[in-house]
Amino acid sequence: MERNQPVLPDSLKQLLPLSYNLWFSWNADAVKLYEQIDPERWERVNHNPVRMVQETSAEAWDRLASDSSYLELYSKVAAQWEQYESRKAWYGEKHPEAGGTIAYFSAEFGFHESLPIYSGGLGILAGDHCKSASDLGLPFVGVGLLYRKGYFQQRLDSSGSQQALRVDYDFNQLPVRPVQIGGSDVIVEAGVGDSQVKLKVWVVQVGRVPLYLLDADLESNSPQDRELTSQLYGGNQDMRIAQEIVLGVGGVKALRALGLQPNVYHINEGHAAFLSVERMREYVHAGVPYDTALELIRASTVFTTHTPVPAGHDAFPVGMVEHYLHPLLSQLVYEKDRILELGYDGEKDLFNMTFLAMNTASLRNGVSKLHGHVSRVMFRSFHGNIPVDDVPIGHVTNGVHMLTWLAPELQQLFDRFLPGGWVERQAESAVWEALRLLPDESLLKVHSSLKAKLIDLARRSLQEQRRRNGESEERIREAGTYLNPDALTIGFARRFATYKRANLLFKDLERLNRIVNHPERPVQFIFAGKAHPADHPGQDLIREIYRVSQMDAFKGRIVILENYDMSLARYLVQGVDIWLNNPLRPLEASGTSGEKAAMNGAVNFSVLDGWWEEGYNGTNGWAIEADPHADWHTQEQQNAESLYTNLEREIAPLYYERQEGSPQWAERMKNSIGTLAPVYNTHRMVQDYTEHFYSRTIERFRLMSMDGGEQAARLAGYKKFIREHWGALAVKAVTDDPAVPAPPGNKEVKADLYLGSIRPDYVGVEIVYYAENPRGIWDPVPVPLKPEADLGDGVFRFRGQIPSHLVHIQHYSVRIRPYHPLFAHRFEVPLLFSTVK
Ligand SMILES: *Cc1c(COP(=O)(O)O)cnc(C)c1O
């Protein structure tokens, strides 16, 4: 079904290749370029540049080619692209020698509404990550699946029930192209259960970053296998594991077919973790022993976990893994048991993808400070019950891609007041100090125009919904009057998962009625979001919101819009005054929609969970409070109380004082932008990943793989040795040594330790005591001890200085942990000897 390539006039010919690059989705001029071809069609084709170009007639091209203002816009965009594509950017400047390739695997990617291969936050994060990687010039490629039906489109019927619409997309109309080598398509194979599934490799260009997508919908596959890349998160466990094999195993094979040997494999959520098993097969078949191969894989893998909700971690019966992974495991006869062990969760007797990812990645992270901590608690027993703070899972707080989410109108305003190059330097907080210069009226004016656009869209969407549902003319007309452009407008949009508690606002409808229908200070709410088709409690939430929105008291003041996607999200985060989020803490790993809102001057009003727990500073938004140690029922009561009280006493009064000339609301908007935009963007996030994960990984993997993996073999040998000999450790004596001078208040101690056949350079020894920090909390303080002498018979003397008041071994503990210079971090082997348990 190849279409004929559209024929464009020479003077506009760049429009065709550019339509296949998602770069347009963060360039406002490029959007205009496609929109102006035919604004009405632009809406109809869901902002899809490929279709805009394909469906433009020869006459229309002629007209555009003789339109001087259109040609001017075209030249501007073409010049911007040329400049963008060739620029060196941050990575090239910061790491000129590094080179390498980073491969980022994810089950979903959200770049733009016209490429519907995302469901929600996880995918949009992956999309925003790729965009910043392109902007910053990282040597980066993405790997994912090309879903024929994507994720579902949502319709609401007249009872507020969600209808899930499945659309078969025509890949010829999407910005994807088959990858070709020597004139033919690239097809790879992955063994899934009893079949060899053929996968065609497509590419999507995201600025400078290519994203490779696998497609199983080929005639040479069986009808069942063709379904493997049909739906995102559709089907049962069997479908799920099969898809994950396609992604992980097929993904590695696709990279090889393209001649790519990345030095970093970033597993974005456990779905893609089978990539490590395919890499194991490669190494073993190349003659590398299992233990050495595992070190090489660990040294080159980064894993990001995204949810503290246990059901969010995929786990399969072991027999199911053996069946579906059989084609691969049968090639690893001697290693099979150890591979199954890598994912085995003995407590549940399941094969857990997060375990597989953690066991095959030496660097792992959660997605906010709080989520890092929650993950360390969750996976403490996985790490031999070492102290929570030592569990080797760090955090990189999620961000959003600024030019994707910032309203172009605001971007123009910032262009006038922020220093030149502010977009590239968006992660420097000094850049944002110039916001002081931005007049309040200009900001408020732009914001109210964005709010008017949102309300206009909301009315049209509700009218369209009612028309489709066959409702009366009067009901349709009425929806055109809903929402008041001058009223305080609060947005709540996200997936309807129950922990997000979308109905918290409805705990006390009387009180809500007084807030919404206040005579001087009316408040209105706009809801949106999809529930997974298998999530019935989530769909009940949608019906409940719909039911409240139909009550006389709330009609036109509480609305729920259908089909939350990236387009609707942009309208919402750019147009509301307040962004509301009230999940049950700490279940929101990060959340990103509030970050999109913040940079647009919408002020956050949220539970102190995820990113907001660290972003909120007391003056840049509002907190919905509760005692974090109370049971969930009490937290819910307290959160609801805090929600209402803040709206009544703080938020609504402050908002309406702005009409009496009070500068406070605009100040809060600016404060929110100025403190949050520099931090919660993906430029900062990708820079963090680069500094803390990617560059270290590139360096370490290079070292480990030199000379046929000699260093990796050495590390593997050390780990085996240390596990075998760890049981023998003992503390012989710890004594003061007054002969050695120490600073006032301190003293010298010597510790005689029995290490058996372990050399003293290959352990880390420390004394740990507790001290009160300025916040009145007792923190552990580790004091490293240095090896001094071999006392014979496996006993070694170590030394260090500790506060003099620690007189008794009960006042502190002696800890010994494995140490090797090739470790990625302190607890690469989670063994800990301690004098206290
Ligand atoms: C940003 C976004 C999300 C994720 O938002 P959260 O705050 O993480 O819930 C989900 N869906 C869409 C369409 C978005 O734009």
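In which sense, parallel or antiparallel, do strand E18 and strand E21 pair, and over how many bridges? In this predicted model, strand E18 (residues 488-493) and strand E21 (residues 578-581) pair in the parallel sense, over two bridges. Ile-490 has Ile-578 in E21 as its bridge partner. In general, the strands of a sheet pair through backbone hydrogen bonds, in a parallel or an antiparallel manner.

These two strands belong to an open sheet of six strands, with parallel pairing and the order E20-E19-E18-E21-E22-E23. The edges are formed by strand E20 (558-561) and strand E23 (621-624); each has a single partner strand, so one side of each is left without a neighbour in the sheet. From one strand to the next, the twist averages 20 degrees. Helix H23 (residues 536-549) packs on the sheet, where it touches strand E19 (523-528) and E20. The direction of H23 makes about 140 degrees with that of E20.

As a rule, most residues other than glycine have a negative phi, and most peptide bonds are trans. Leu-483, in the loop between helix H21 (473-479) and E18, has a positive phi, near 70 degrees. Leu-483 has a relative accessible area of 5%, which is under the 20% cut-off, so the residue counts as buried. Asn-563 sits in the loop between E20 and helix H24 (566-575), and its phi is also positive, near 55 degrees. With a relative accessibility of 17%, Asn-563 is likewise under the 20% cut-off and therefore counts as buried. The peptide bond between Arg-585 and Pro-586 is cis, with omega about 0 degrees. Pro-586 is located in the loop between E21 and H25.

Helix H25 (residues 593-599) contains Lys-596. In UniProt, an unreviewed entry lists Lys-596 under "modified residue: N6-(pyridoxal phosphate)lysine". Is Lys-596 buried or exposed in the model? Its relative accessible area is 4%, and Lys-596 is therefore buried. Leaving aside residues up to four places away in sequence, Lys-596 touches Ile-124, Val-400, Trp-405 and Val-573.

Another helix to look at is H17 (residues 369-378), whose buried residues are Leu-370, His-371, Gly-372, Val-374, Ser-375 and Arg-376. Among the elements that cover these buried residues are strand E16 (363-366), strand E17 (394-395) and helix H26 (610-615). In an α-helix there are 3.6 residues a turn, so residues three or four places apart point the same way.

The protein as a whole has 29 helices and 30 strands. Its radius of gyration is 29 Å, close to the 28 Å that the globule rule gives for 837 residues, so the protein is as compact as a globular protein of that length. The C-alpha trace spans about 95 × 65 × 50 Å along its principal axes. Of the 837 residues, 60% are buried. Among contacts with a separation of 6 or more, 72% are between residues 24 or more positions apart.

The domain assignment gives domain 1 (10-86), domain 2 (90-395), domain 3 (441-677) and domain 4 (729-834). Between the C-alpha centres of domain 1 and domain 4 the distance is 66 Å.

Definitions and conventions: Residues are numbered from 1 along each chain as its sequence is written. This is a predicted model: local features need pLDDT of at least 70, side-chain atom pairs count only at pLDDT 80 or more; totals for chains, interfaces and linings use all residues. Side-chain values use heavy atoms; hydrogens and water are left out. Two strands pair if DSSP finds at least two bridges between them. Helices (H or I, at least four residues) and strands (E, at least two) are DSSP runs, numbered from the N terminus. Axes are lines fitted to C-alpha atoms, for helices over the stretch in contact, and angles run from 0 to 180 degrees between N-to-C directions. Contact means heavy atoms within 4.5 Å. UniProt positions are given in the numbering used here, feature names are shortened, and annotations may be inferred rather than shown by experiment. Buried means under 20% relative accessible area, exposed over 50%, partly exposed in between (1.4 Å probe, protein chains only). Domain bounds come from an automatic or database domain assignment. The radius of gyration is taken over C-alpha atoms; the globule rule is 2.2 Å times the number of residues to the power 0.38.
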